[in-house]
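Morning, everyone. Please open the structure on your screens, and we will walk through it together.

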Amino acid sequence: MVAVMSTHTRLCQVVPLLPVSRAYTYRIPSGLSPRIDEGSRVVVPVGSREVVGVVVGWDGEEQVRIKEVQGVLDPEPALLPGVLDLTRRASQYYLEPWGLYLRCSLPPGLRKGRGPVVPMTRWVVYAGPSPQLPTRRQRELLNRLESVREVPLRTVIAEWGYGKGVVDRLVAAGWITVEERESHGPLPFPLSPPQPPLRLTPEQEEAFRRVENALGDFTPFLLYGVTGSGKTELYLQWGQRCMEEGMGFLLLIPEIALTPQYISRFTARFGERVGVLHSALSPKDRLREWLRIRGGEARVVLGTRSALFAPVDGLGLIVVDEEHDPSFKQEETPVYNARDMALVRGQIEGCPVVLASATPSLESFYNAQKNKYAMLTLSKRVGTPMARVRVVDMGQEEGIFSKAFLHGLRGALKDGGQALVLLNRRGYAAFLLCPKCGETVRCPNCDITLTLHREPLLLRCHYCGYSKPPLDRCKHCGSEMRAVGLGIQRVEEELARSFPEARIDRMDRDALRSRQAHWEVLRKVEEGYTDILLGTQMIAKGHHYPRISFVGVVLADVALHLPDFRAAERTFQILTQVVGRAGRGGRGMAVIQTFMPTHPSVVWAARQDYLSFAAEELERRRALGYPPFSHMARILVTGTNEDRVEDGANKVAGLLRRGAEGMVVLGPAPAPLYRVRNQYRRHIILKGKRKALLLNLARLPRRVGGVHVKVDMDPYSML
Ligand code: ADP
Ligand code: ZN
Ligand code: ZN
């Protein structure tokens with residue numbers, strides 16, 4: 001799309017921020033035409049309503065009853081050309097409405113028909129050599145400005161200690177300019193005291209150079225770096241390099257990893273040039289941060305998946321940290337995987353993209369093997385060795401904790417260390433079971449068993465939130481019900497019993513709801529207050545706490561039996577990541593308890609051997625024709641009427657089989673979660689070449705016989 005707008009153009013193409021994929025043509029009143037550009041937010045009539053839309057192009061058919069653009073909302077287009085293009089490509093790739101991706105690319109405050117109102121601050125901008133030579137004091141200031149390029153005037157005066165006179169004389173000499181820019185109040189995060197870059201290890205240095213040399217071109221990299229190998233330090237130095245080149249830097253992180261610890265490492269290098277975007281910010285702070293980024297104040301941007309659309313102009317580099325993490329995939333409409341779309345954005349912007357992980361997704365690893373991605377490796381931890389890991393066969397043990405587990409945990413606490421304990425299952429027990437007749441208690445809205453919780457004592461549905469008090473006796477035969485399957489709340493109880501002196505904290509979705517935000521829990525760990533942090537996979541991600549000397553996995557098998565082709569991969573990743581938290585400050589040990597001590601996910605995680613796991617798992621995927629050896633799409637047919645859902649699913653499968661060239665159609669079959677929130681669910685799985693999938697799916701109707709048809713490209717959830 002090239003922005004050519006002649007003075008004669010009177011028509012524009014607008015996509016409203018609604019579930020639509022097509023652009024509508026509007027007439028531009030002559031008064032508005034100088035202010036409209038591609039990417040501008042405009043107010044347009046759709047039916048009898050006035051809605052916000054984005055201008056995506058010019059011209060269109062002159063019709064008799066064509067409507068007019070009602071207003072332009074911003075002085076500058078809200079969407080950068082690259083972001084506009086990205087939303088269009090995402091819509092084509094995932095077959096979901098363009099208007100909804102446009103909506104995603106704007107902060108909540110800009111999705112309605114208002115323009116932002118913002119105060120201004122003054123910025124000092126380095127303008128380059130002038131024939132008039134500076135004095136010594138002026139030279140000093142110029143040296144600092146030369147590396148950062150631009151900085152708020154108040155920083156130069158209040159923090160750097162230069163007088164207004166020095167600035168004025170440099171402006172007069174043509175060395176610098178002072179510009180009015182929008183300012184947005186206090187930052188939604190604290191600034192850390194400055195910290196200089198570390199001296200890179202030879203491995204880091206090599207990785208640094210290769211990406212540095214690629215700046216300016218789209219080049220995809222896979223950074224495989226074991227836990228604690230100094231990946232974050234590399235991101236910081238790449239960010240620095242981008243700043244020096246006047247380029248923007250974007251780092252995408254999984255939802256839960258975005259802790260203050262992370263932000264503080266970045267502000268320690270980049271101060272106010274850091275911008276942060278994630279969904280836990282208030283709408284006001286999100287708008288502010290978005291505007292600071294759009295205005296060019298914040299050039300080093302950290303964010304979760306929606307930051308994919310961050311308005312960073314002149315992007316120099318995109319890094320996706322923990323690229324294997326499923327939270328990059330947005331499951332709700334509009335579907336997208338920020339990891340995959342980061343590559344598309346890199347292509348559009350012409351910049352390198354680094355996907356980084358200690359446990360890369362098999363998709364990315366396979367691409368690196370085929371030389372589609374350049375591989376960067378950090379094979380060693382900086383300073384400290386990996387923790388020793390022991391696998392314990394729980395078939396040979398009694399109780400929840402093995403002897404090795406208790407011994408390791410006790411030893412760590414005695415030496416003043418901290419411990420992480422993982423069990424990836426919420427609640428107190430998996431479910432209630434009648435030992436006589438096998439009766440279980442199920443959710444009335446969803447076809448799954450209710451989970452037993454303590455504090456408050458309730459049976460809960462993890463899909464729809466339904467809850468009710470637990471039964472003591474079987475509805476059927478009157479026998480006493482028994483709690484089966486271990487949940488994290490039960491582990492908490494047992495830990496408190498075995499270690500009465502220890503300060504124990506728990507981190508899972510239930511604890512966070514009723515107690516504090518996850519970063520508060522983590523801060524207490526960081527400050528050394530917590531002795532044992534117990535949690536679900538939330539605790540396995542990206543944190544760096546030097547005092548953790550013991551990691552215990554209560555039961556590794558929890559997710560291995562899920563009907564999902566990625567179950568083994570997910571288990572390996574979680575185990576490797578959590579074990580990788582041990583011993584970062586020196587000594588460390590980990591214990592993995594399991595009933596399947598010979599399962600490859602357990603064996604290779606215990607040896608921290610990603611490459612062997614990947615080789616073995618890739619062979620299995622190849623044999624079964626799963627990704628990365630095919631592309632997959634999942635079609636979910638849902639509705640409240642069971643028969644209609646069945647008919648609808650059959651009809652969709654029939655349509656797909658007719659056009660089935662180059663792909664395999666599996667199903668329809670009842671989804672493993674057959675009923676959720678009173679909706680019946682059947683699914684069809686497609687495997688094949690991406691092109692074939694896109695071609696066939698593009699023609700698919702989204703409603704068949706009164707039921708809903710949802711396409712999920714590259715699905716993560718198979719339930
Ligand atoms: P990762 O992101 O791979 O888990 P980090 O970047 O958090 O690793 O690094 C782990 C630890 O090693 C941190 O404390 C970090 O400050 C330190 N570190 C990283 N690179 C270096 C280096 N070149 N020299 C000294 N310490 C380093
Ligand atoms: Zn339910
Ligand atoms: Zn019974």
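Which backbone atom lies 3.4 Å from an oxygen atom of ligand 1? A backbone N or O atom of glutamate 233 does. Before we go on, keep in mind that this is a predicted model.

Let's stay with ligand 1. It has 16 residues around it. The closest are Arg199, Gln204, Lys231, Thr232 and Arg265. Two of these deserve a look. Threonine 232 puts a polar side-chain atom 2.7 Å from an oxygen atom of ligand 1. Arginine 265 has a side-chain N or O atom 2.9 Å from an oxygen atom of ligand 1. How much of ligand 1 does the protein cover? On its own, ligand 1 has 560 Å² of accessible area, and the protein covers 77% of that.

Now, who makes up the shell around ligand 1? Helix α7, residues 231–244, gives the largest share, with three residues. By class, the shell has seven polar, five charged and four nonpolar residues.

Next stop, the metal. Ligand 3 is a zinc ion. Which residues are its protein donors? They are Cys434, Cys437, Cys474 and Cys477, each through its SG atom. They lie 2.3 to 2.4 Å from the zinc ion. Along the chain, these donors follow the spacing C-x2-C-x36-C-x2-C.

For four tetrahedral donors, the ideal angle is 109.5 degrees.

Cysteine 437 has 37% relative accessibility, so it counts as partly exposed.

While we are at β21, find leucine 432, which is in that strand. Its relative accessible area is 7%, so leucine 432 is buried. Leucine 450 is 18 residues away from leucine 432 along the chain. The C-alpha atoms of the two leucines are separated by 7.8 Å.

On to the backbone. Most residues other than glycine have a negative phi, and most peptide bonds are trans. So let's look at some exceptions.

Start with the peptide bonds. The bond from threonine 333 to proline 334 is cis, with omega near -5 degrees. Proline 334 is in the loop between β15 (329–330) and β16 (336–337). The bond from proline 627 to proline 628 is also cis, with omega near 10 degrees. Where does proline 628 lie? Proline 628 lies in the loop between α18 and β30 (631–639).

Now phi. Asparagine 371 is not a glycine, yet its phi is positive, about 65 degrees. Asparagine 371 is in the loop between α11 (362–369) and β18 (374–378). With a relative accessible area of 67%, asparagine 371 is exposed. Arginine 677 is not a glycine either, and has a positive phi of about 50 degrees. You will find arginine 677 in the loop between β31 (663–676) and β32 (679–688). At 52% relative accessibility, arginine 677 counts as exposed. The cut-off for exposed is over 50%.

Threonine 359 is in the loop between β17 (353–357) and α11. Is threonine 359 buried or exposed? Its relative accessibility is 0%, so threonine 359 counts as buried. How far apart in space are threonine 359 and threonine 135? They are 54 Å apart, C-alpha to C-alpha, and 224 residues apart in sequence.

The last one is aspartate 609. It is found in the loop between α17 (600–606) and α18 (610–624). At 23% relative accessibility, aspartate 609 counts as partly exposed. From aspartate 609 to methionine 596 is 13 residues in sequence. In space, their C-alpha atoms are 18 Å apart.

Methods
Residues are numbered from 1 along each chain as its sequence is written. Chains are lettered from A and ligands numbered from 1 in the order in which they are written. This is a predicted model: local features need pLDDT of at least 70, side-chain atom pairs count only at pLDDT 80 or more; totals for chains, interfaces and linings use all residues. Side-chain values use heavy atoms; hydrogens and water are left out. Donors are N, O and S atoms within 2.8 Å of the metal (3.2 Å for Na, K and Ca); water is not among the atoms, so sites may look incomplete. Buried means under 20% relative accessible area, exposed over 50%, partly exposed in between (1.4 Å probe, protein chains only). A residue is near a molecule or strand if one of its heavy atoms lies within 4 Å of it. A polar contact is a pair of N or O atoms within 3.5 Å; within protein, one must be able to donate a hydrogen and the other to accept it, and residues adjacent in sequence count only if both atoms are side-chain atoms. Accessible areas come from the Shrake-Rupley method with a 1.4 Å probe; for residues, only the protein chains shown count as cover. Helices (H or I, at least four residues) and strands (E, at least two) are DSSP runs, numbered from the N terminus. Ala, Val, Leu, Ile, Met, Phe, Trp, Tyr, Cys and Pro count as nonpolar, Asp, Glu, Lys and Arg as charged, and the others, Gly among them, as polar.
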